[in-house]
Amino acid sequence: MNSSSPQMVRKASDLFVSALEAEGVEHIFAVPGEENLDLLESIRTSSVKLVLTRHEQGAGFMAATYGRLTGKPGVCMATLGPGATNLTTPAAYAHLGGMPLIMITGQKPIKKSKQGQFQIIDVVGLFDPICKMSKQIVHGNTIPALVREAFRVAGEERPGAVLLELPEDIAAEDTDEHILVPHARHYAVADDAVLDEAAAMIRAAKMPLVLLGAGANRKTAREALSDFVDLTRIPFFNTQMGKGVIDERSDLFLGTAALSDGDYLHCAIDRADLIINVGHDVVEKPPFFMEEDGKKVIHVNYKSAQVDQVYFPQVEVVGDLARSIRRLGEKLAGPVAFDDAYFCKVQGEIEAHITELADDGRYPVIPQRVVADTRKVMGDHDIIALDNGIYKIWYARNYKAYQPNTVLLDNALATMGAGLPSAMMAAMLYPDRRVMAIVGDGGFMMNSQELETAVRLGLNLVVLVLDDSSYGMIRWKQAHVGFDDYGLEFNNPDFVKYAESYGASGHRIERTEDLVPTLEAAFTSGGVHLVDVPVDYSENKRVLIDELAEKVCLI
């Protein structure tokens, strides 16, 4: 009788890190606590690199952005209690934004504890509503299966956040289990019957449009979608998180739905009788409202549509997005016969409005000039990462994206504080590209301490701070509904000195014409640069309220 080979006994935290290595994890972004010490020691002797951040939000946003840009789950770590609760916003950010994220939190011993309820809350229960999966590890032998399942769930369409809680006594115990090796996944393609139905609907349409959403940006669908649009000659527009899926310099590009209704783009959307909606779901702010007015919608995505009051598609093409689009193009086998004259008129109208005042020399700088000057210094593959504020609407409308995932913004949770950490992750992943964080002064100060992390990591990064000493988005909304200007102004530090105190370079724009040369010089010299730009948001009311209220769609 042959004796079986002896199992390797090792500490559970070592097994956990080996399982992460098997999943291809390269970095863990973390603010560790004492409950993570066994895991921290296991990381120290592994191939995984620890990236220490200054706040758990910074760690979570960086990890989520890693998932967004690579398609592989990013990993972050925090301790129990307050460390874990600080990850709730990144969890919701990833959950709503479709970004694969693994969060590891510590916990007091679960077999025997001598500290009562000190710092203990139900972390697993807290995260359950904002995660795809939330589990406590209760035995070292379950680690391989739970880690494998966590990565599967986080990365599978629709991607999102997963939490694993590793108590310190479980991390320290011995186990003889082996890791589970991941395997490739492939998504099915929509069947011929539904593709035939969709193709027939497209052929019958008189004024179809293609809409590109965040889901089209998550995977490598650019080539298939570009080919589809080129083949059919159907004009396209995108959501904010769908920017760059197809080069926006295309003669078929109409614009970005930065608002849900009432913009110049909506003149075309309202006239369309069919929208081929690729990669969008109702989590992202609606780019248009469906009504029972005869407009048809074809839903093309990895999963079936989530129906609500403003989204109820008539046909659903469910399956691998790129392959389904290719098959749909094959069914059509050429250009679609439709009337594009009106769309051409609207395209010209939109272009005239978004280029208006792009060279305006007023100081403080108006948003149209800021956007135009940013576009001048950024190349085709360079990346801007926006925090959340009124400027996000200006960039969505006015900044043309040429490549997928070169405009990183959040139009799902729309949280403040994510812009700087997201840009830092992009700079880590793509050191050969220019990367710029574009942040309002309010959102920047929510995680501005991560400047130290960026300097310590030796990143090449420009942080453009749009300085109006207020929460400008809410102030705009306040004015829009007719309330008095109240309660939303604050004072800022000297941003130049603030940057320098972290070891970064600080600059303040004193003349509008200095913005482009200052940005160019910052990128050329390398390192971390903060550029303080005083902005005049008076254009918000004129363009985004008064002008749109008086808009009359072309006949």
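**View 1. A network of salt bridges links E356, D360, R362, E539, R542 and E547.** In this predicted model, local features need pLDDT of at least 70 and side-chain atom pairs count only at pLDDT 80 or more, while totals for chains, interfaces and linings use all residues. Residues are numbered from 1 along each chain as its sequence is written, and side-chain values use heavy atoms, with hydrogens and water left out. A salt bridge here is a side-chain nitrogen of Lys or Arg within 4 Å of a carboxyl oxygen of Asp or Glu. Because R362 lies in the loop between helix 14 and helix 15 and E539 in helix 23, the pair ties together parts that are 177 residues apart in sequence; helices are DSSP runs of H or I with at least four residues, strands are runs of E with at least two, and both are numbered from the N terminus. R362 is partly exposed at 33% relative accessible area, whereas E539 is buried at 4% (buried means under 20%, exposed over 50%, partly exposed in between, with a 1.4 Å probe and protein chains only).

**View 2. The side chains of R44 and E41 meet in a salt bridge in which N and O are 2.6 Å apart.** R44 and E41 stand three residues apart in helix 2 (residues 37-44), which separates them by about one helical turn. R44 is exposed, with 58% relative accessible area, and E41 is partly exposed, at 37%.

**View 3. D247 and R249 form a salt bridge, with their closest N and O atoms 2.8 Å apart.** D247 counts as buried at 18% relative accessibility, while R249 is partly exposed at 43%.

**View 4. Helix 15 (residues 367-377) is mostly covered, with 10 of its 11 residues buried.** Among the buried residues of helix 15 are P367, R369, D373 and V377.

**View 5. The lining of the second largest pocket includes six residues from helix 20, which gives the most to this lining.** A pocket is an open set of points on a 1 Å grid over the protein atoms alone, where a 1.4 Å probe fits, with protein on both sides within 12 Å along at least five of seven lines, and lining residues have an atom within 4 Å of a point. Of the 36 residues that line the second largest pocket, the closest to its centre are I390, I393, M473, W476 and K477.
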